[in-house]
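Subject: Structure for your files

Hello,

Here is the structure I said I would pass on. My notes on it follow below.

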Amino acid sequence: MGQKRISSSQRRASVLAAAIRIFGSKGFVATTTADIAREAAVSQPYVVSLFGSKDALVRAAIEHALDRVVEVFEQTIDDDAPGELAPRIGVAYLQLFKEQGLQLCLAHAFTAGTDPEIGPLARDGFLRVYRVLVDHGHLAPEQASQILAAGMMANVVLGLRLADDYDREPAIRELLSATYPSNVELLRTVTGAYDGVAPPQGAADV
């Protein structure tokens with residue numbers, strides 16, 4: 001039996017996933033295409049050949065992360081599960097923490113409003129998520145605002161690794177219990193499973 005061939009689209013998806021992990025951990029400026037190549041276990045020229053430039057890869061990473069949030073929110077809206085919609089969307093967002101780097105990649109994008117390339121892309125994407133909640137989910141603007149605020153808070157919790165000190169720091173227990181009264185254990189589980197950047201899978205040719 002020969003090795004299963006990996007399609008170009010699968011390789012592109014693998015490199016993009018690696019880029020999102022690294023961008024989430026190191027930010028867009030500090031990350032190099034060589035970093036991404038090491039994480040994806042491919043050569044640096046191969047990364048460039050797939051995306052053309054680091055800037056194009058940054059845009060692709062942000063677009064993919066936004067697409068995933070929209071996709072998960074739309075699925076949650078359409079699944080007709082019991083219970084109020086807003087809490088179910090909140091749980092769905094926390095479950096996305098399992099896709100390493102995704103939320104932190106977005107967090108970096110959402111603080112780059114002055115960047116001429118990232119700023120417009122991030123603003124359009126943020127409003128796209130809002131419109132899904134209001135137009136597709138038929139939530140009131142106030143409800144959508146609360147969901148977005150809770151999501152941003154979750155990004156801060158993840159970025160600061162606050163859940164790591166949940167058992168040792170009363171203030172963290174108090175804050176997380178007040179913010180996520182029904183989902184504290186879920187938040188701890190998904191952030192606890194978030195290991196940041198995965199170990200390199202092999203040396204890259206540079």
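How far apart are the end C-alpha atoms of residues 32–51, and how much of the span is helix and how much strand? The end C-alpha atoms lie 13 Å apart, and the span is 80% helix and 0% strand. Helices here are DSSP runs of H or I with at least four residues, strands are runs of E with at least two, and both are numbered from the N terminus.

Some ground rules. This is a predicted model, in which local features need pLDDT of at least 70 and side-chain atom pairs count only at pLDDT 80 or more, while totals for chains, interfaces and linings use all residues. Residues are numbered from 1 along each chain as its sequence is written, and side-chain values use heavy atoms, with hydrogens and water left out.

Annotated spans

UniProt gives residues 32–51 the annotation "DNA-binding region", in an unreviewed entry. The unreviewed entry also lists "domain: HTH tetR-type" for residues 9–69. UniProt positions are in the numbering used here, feature names are shortened, and annotations may be inferred rather than shown by experiment. Residues 9–69 are 82% helix and 0% strand, with the end C-alpha atoms 21 Å apart.

Ala-41 sits in the loop between α2 (33–40) and α3 (44–51). Its phi is positive, about 60 degrees, although Ala-41 is not a glycine. Most residues other than glycine have a negative phi. Ala-41 counts as partly exposed because its relative accessible area is 34% (buried means under 20%, exposed over 50%, partly exposed in between, with a 1.4 Å probe and protein chains only). His-138, in the loop between α7 and α8, also is not a glycine and has a positive phi, of about 55 degrees. With 67% relative accessibility, His-138 is therefore exposed.

Core

Leaving out residues up to four places away in sequence, Phe-23 touches Phe-28, Thr-31, Ile-36, Leu-57, Val-58, Ala-61, Cys-105 and His-108. Contact means heavy atoms within 4.5 Å.

In α6 (102–110), the buried residues are Leu-102, Gln-103, Leu-104, Cys-105, Leu-106 and Ala-109. The cover over these buried residues includes α1 (8–26), α4, α5, α7 and α8.

Cavity and pockets

The search used a 1 Å grid over the protein atoms alone: a cavity is a set of points where a 1.4 Å probe fits but cannot get out, a pocket is an open set with protein on both sides within 12 Å along at least five of seven lines, and lining residues have an atom within 4 Å of a point. Grid points are joined across faces, edges and corners, and a volume is the space filled by probe spheres set on the points.

There is 1 cavity of 30 Å³ or more, and the largest cavity holds about 150 Å³. It is lined by 13 residues, of which Val-69, Tyr-93, Phe-110, Val-129 and Leu-148 are the closest to its centre. The largest share of this lining, 5 residues, comes from α8. By class, the lining has 11 nonpolar, 2 polar and no charged residues (Ala, Val, Leu, Ile, Met, Phe, Trp, Tyr, Cys and Pro count as nonpolar, Asp, Glu, Lys and Arg as charged, and the others, Gly among them, as polar).

The largest pocket has a volume of about 340 Å³. Of its 17 lining residues, Ala-86, Pro-87, Gly-90, Ala-150 and Asn-183 are the closest to its centre. Two or more lining residues each come from α5 (85–95) and α8. This lining divides into 10 nonpolar, 7 polar and no charged residues. Asn-183 is in the loop between α9 (170–179) and α10 (184–192), and counts as buried because its relative accessibility is 19%. Beyond its neighbours within four places in sequence, Asn-183 contacts Val-91 and Leu-94.

The second largest pocket has about 180 Å³ of space. Its lining divides into 5 nonpolar, no polar and 5 charged residues, among them Lys-54, Asp-55 and Arg-59. The most lining residues, 4, come from α4.

Regards
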